[in-house]
Amino acid sequence: VEPYVTLHHFDTPDALHSQGDFLSRETIDAFEEYAKFCFEEYKDEVTYWFTFNEIWAVCTNQYIEGTFPPCITYDITKAVKSMHGMMVAHAKAVCAYKEKGYKGKIGIVQSLEYKYPYNENKLEDIIAAKNEDVLQNQFLLDATFLGYYSDETLKIAQKLCALNQGMLDIEESDLEIMKKAAKENDYLGMNYY
């Protein structure tokens, strides 16, 4: 049996989760160190790695639907910031893996679902479907394969954050590591329900 190991599947340790999970730089850095440990520890047993499973599912359940701790509802700003934090952590792990020259491959698993307008002739339904597509798909795919967020993605994400009187702040160092990792991803796993 060939193992495919996922480093994070809805399981941030409580000590880090209670300090803001991936809204916190401490968690992002801790994930990188955890990934490095796993890569070295299992370098002879594991060839295929995934950093995260379903970032959208984690963030929407934590901050929009409120079904995962911390059980916050309708805070799009925290959801978007957490997705960004997880993508920075992913990028750091990918770069750490490639820098050590391990023989295997590394990628990420996303849950990707296309959104259709309820009424394809109503502008507000078309916009709502596009907003959902950007949040669930485009934001994460931009980060994975471009290493930055396209102008359209940023515009829609900022508009949605503004609904909570919030704003997405992206550090230049985040973009640098994301751009570096974008060239290094070996594959994308897709879950579709």
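What follows is a chat about the sheet, the helices and the salt bridges.

Mentor: Before we start, keep in mind that this is a predicted model, where local features need pLDDT of at least 70, side-chain atom pairs count only at pLDDT 80 or more, and totals for chains, interfaces and linings use all residues. Residues are numbered from 1 along each chain as its sequence is written, and side-chain values use heavy atoms, with hydrogens and water left out.

Trainee: Fine. What is the order of the strands in the open sheet?

Mentor: Strands (E, at least two residues) and helices (H or I, at least four) are DSSP runs, numbered from the N terminus. Two strands pair if DSSP finds at least two bridges between them. On that basis there are four strands with parallel pairing, and the order is E1-E2-E3-E4.

Trainee: Which strands stand at the edges?

Mentor: Look for strands with a single partner strand, because one side of each is then left without a neighbour in the sheet. That picks out strand E1 (4–8) and E4.

Trainee: And by how many degrees are neighbouring strands turned against each other on average?

Mentor: Axes here are lines fitted to C-alpha atoms, for helices over the stretch in contact, and angles run from 0 to 180 degrees between N-to-C directions. For this average, though, direction is ignored. Neighbouring strands of the sheet come out turned by 30°.

Trainee: How many of the seven residues of E3 are buried?

Mentor: Buried means under 20% relative accessible area, exposed over 50%, and partly exposed in between (1.4 Å probe, protein chains only). E3 is largely enclosed by the rest of the structure, because the buried ones number six.

Trainee: What about H3, at what angle does it run to E3?

Mentor: H3 lies across E2 and E3. Nine of the nine residues of H3 (residues 55–63) are buried, so this helix is largely enclosed by the rest of the structure. Its buried residues, including Trp56 and Tyr63, pack against helix H1 (14–17), strand E2 (48–53), H4, strand E3 (105–111) and helix H5 (123–146), contact being heavy atoms within 4.5 Å. The angle of H3 to E3 is about 45°.

Trainee: Which residues of H6 do Ile76, Thr77 and Val80 in H4 meet?

Mentor: Helix H4 (residues 76–99) and helix H6 (residues 151–162) pack at about 140°, with axes 7 Å apart. The partners in H6 are Ala157, Leu160 and Cys161.

Trainee: Now the charged pairs. How many salt bridges does a search of the whole structure find?

Mentor: Count a side-chain nitrogen of Lys or Arg within 4 Å of a carboxyl oxygen of Asp or Glu. Searching the whole structure that way gives 13.

Trainee: Which residue forms a salt bridge with Asp29?

Mentor: Asp29 sits in helix H2 (residues 25–41), and its partner is in helix H4, 63 residues apart. Asp29 counts as partly exposed because its relative accessible area is 35%. The closest N and O atoms are 2.8 Å apart, and the partner is Lys92.

Trainee: How many residues apart are Lys98 and Asp186?

Mentor: Those two form a salt bridge, with the closest N and O atoms 2.8 Å apart. Lys98 is partly exposed at 27%, and Asp186 is partly exposed at 32%. Lys98 is in helix H4 and Asp186 in the loop between helix H7 (172–182) and strand E4 (187–191), so the pair links distant parts of the chain, with a separation of 88 residues.
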